[in-house]
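Hi there,

Here is the structure I promised to pass on to you. Have a look at it first, and then read on for what turned up in it.

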Amino acid sequence: MNSVQKLRWGILGSASIAVESVIPGLQQSELNEVTAIASRDEDKAKQTAEQLGIDKAYGSYEALLADDSIDAVYIPLPNHLHREWTIRAAEAGKHILCEKPLALTEQEAQEMVQACADAGVHLAEAFMYRHHPRYEQIRDIIASGEIGEIRGMHSTFSFNNSNASGNVRFRRDWGGGALYDIGCYSISVARLLLGQEPSAATVIGMFSPQHDQVDMMASGLLEFDNHVGVTFDSSMWAAFRNTLEVLGSDGIIEVPSAFISGQDRSSNFYVTAGGERREIEVPQVNHYSLQGDDMARAVLQGKDLRFAPSDAVANMKVLEACLRSAEQRTRITL
């Protein structure tokens with residue numbers, strides 16, 4: 001009986017997103033296995049490897065990249081390190097799944113994409129939510145015309161970790177702040193569902209002296225074609241929310257848990273049209289597993305990634321404009 005070929009992963013760092021979500025997702029997937037993890041603290045790497053059943057632990061990122069048995073790496077490092085370690089991983093011949101946002105600027109993102117193209121490796125940005133099958137369902141409903149023409153969209157993503165000392169999200173020079181951490185989801189989902197790029201961004205931000213002047217709250221407006229305005233708010237200093245509403249001329253799509261969706265949480269959404277509101281049931285799947293399998297199929301089977309790396313560059317362009325708008329208190333044309 002032939003065993004299924006699997007993509008062999010190394011993890012650069014032991015961030016909570018890796019330990020709690022991405023690594024378990026890869027381990028539960030069809031086509032992936034996690035074979036190594038690295039940390040600049042070797043003891044931490046060994047402890048995490050033992051905790052998660054990973055065979056190899058390295059005390060440096062360089063050592064992991066030198067391991068020829070590793071096919072792909074996942075990079076959950078602080079935002080300011082994404083460019084450096086993506087390029088170094090590409091030069092080592094590894095395929096790369098990099099945490100969002102891909103970079104700190106559009107220019108950095110372009111350099112990363114080019115480095116991966118030059119090295120002949122795949123690069124994907126880790127927006128796990130869009131691999132969930134419900135987003136195909138939402139796109140199909142929009143395309144069917146059931147809710148009419150899109151008139152607007154609103155999304156939220158907020159939580160309160162303002163008392164967390166030493167959090168990397170509170171380092172301005174490390175690419176901290178709510179826009180980079182979670183506002184990027186609202187930008188991504190708007191572009192995904194509308195299938196186009198915004199023409200302008202206007203954002204107001206709350207920059208906190210207690211948190212190295214990063215934006216702890218940001219509320220924005222993105223302008224799209226056909227007079228469609230997409231509004232959003234993202235915060236690391238507000239009550240938890242995680243929602244999406246798509247407003248049509250004839251109906252509404254409501255997603256109560258828009259970006260965080262797991263096997264222990266309902267992923268269902270609601271459509272109001274024709275005078276009735278109905279619940280759309282969707283499969284309870286692990287979108288981190290699906291994200292990993294998408295990379296595995298690209299590497300092992302030669303299939304295209306569902307989302308090309310150029311999409312990450314485009315998202316970074318809008319994200320950078322949003323931060324600039326918040327800092328300058330002005331509308332930025334894209």
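Arg83 is partly exposed, because its relative accessibility of 31% falls between the 20% and 50% cut-offs. Keep in mind that this is a predicted model. Arg83 forms a salt bridge with Glu111, and their closest N and O atoms are 2.5 Å apart. Glu111 sits in helix α5 (residues 106-119) and Arg83 in helix α4 (residues 82-91), so this pair ties together parts that are 28 residues apart in sequence. Glu111 is partly exposed too, with a relative accessible area of 28%.

How many salt bridges are there by this rule? The count comes to 21. Here are some to find on your screen:

- Glu223 and Arg331 meet at 2.7 Å, N to O. This pair links distant parts of the chain, 108 residues apart: Glu223 is in strand β9 (residues 214-224), and Arg331 is in the loop between α9 (309-328) and β15 (332-333).
- Arg241 and Asp233 meet at 2.3 Å, N to O. Arg241 is partly exposed at 34% relative accessibility, whereas Asp233 is buried at 9%.

Six strands form an open, parallel sheet in the order β3-β2-β1-β4-β5-β6. Strands β3 (56-58) and β6 (123-125) stand at the edges with a single partner each, so one side of each has no neighbour in the sheet. On average, neighbouring strands of this sheet are turned by 25 degrees against each other, direction ignored. Three bridges join β1 (residues 7-12) to β4 (residues 72-75), and Trp9 stands opposite Ala72 in β4.

Enjoy exploring!

Conventions. Residues are numbered from 1 along each chain as its sequence is written. This is a predicted model: local features need pLDDT of at least 70, side-chain atom pairs count only at pLDDT 80 or more; totals for chains, interfaces and linings use all residues. Side-chain values use heavy atoms; hydrogens and water are left out. Two strands pair if DSSP finds at least two bridges between them. Helices (H or I, at least four residues) and strands (E, at least two) are DSSP runs, numbered from the N terminus. Axes are lines fitted to C-alpha atoms, for helices over the stretch in contact, and angles run from 0 to 180 degrees between N-to-C directions. A salt bridge is a side-chain nitrogen of Lys or Arg within 4 Å of a carboxyl oxygen of Asp or Glu. Buried means under 20% relative accessible area, exposed over 50%, partly exposed in between (1.4 Å probe, protein chains only).
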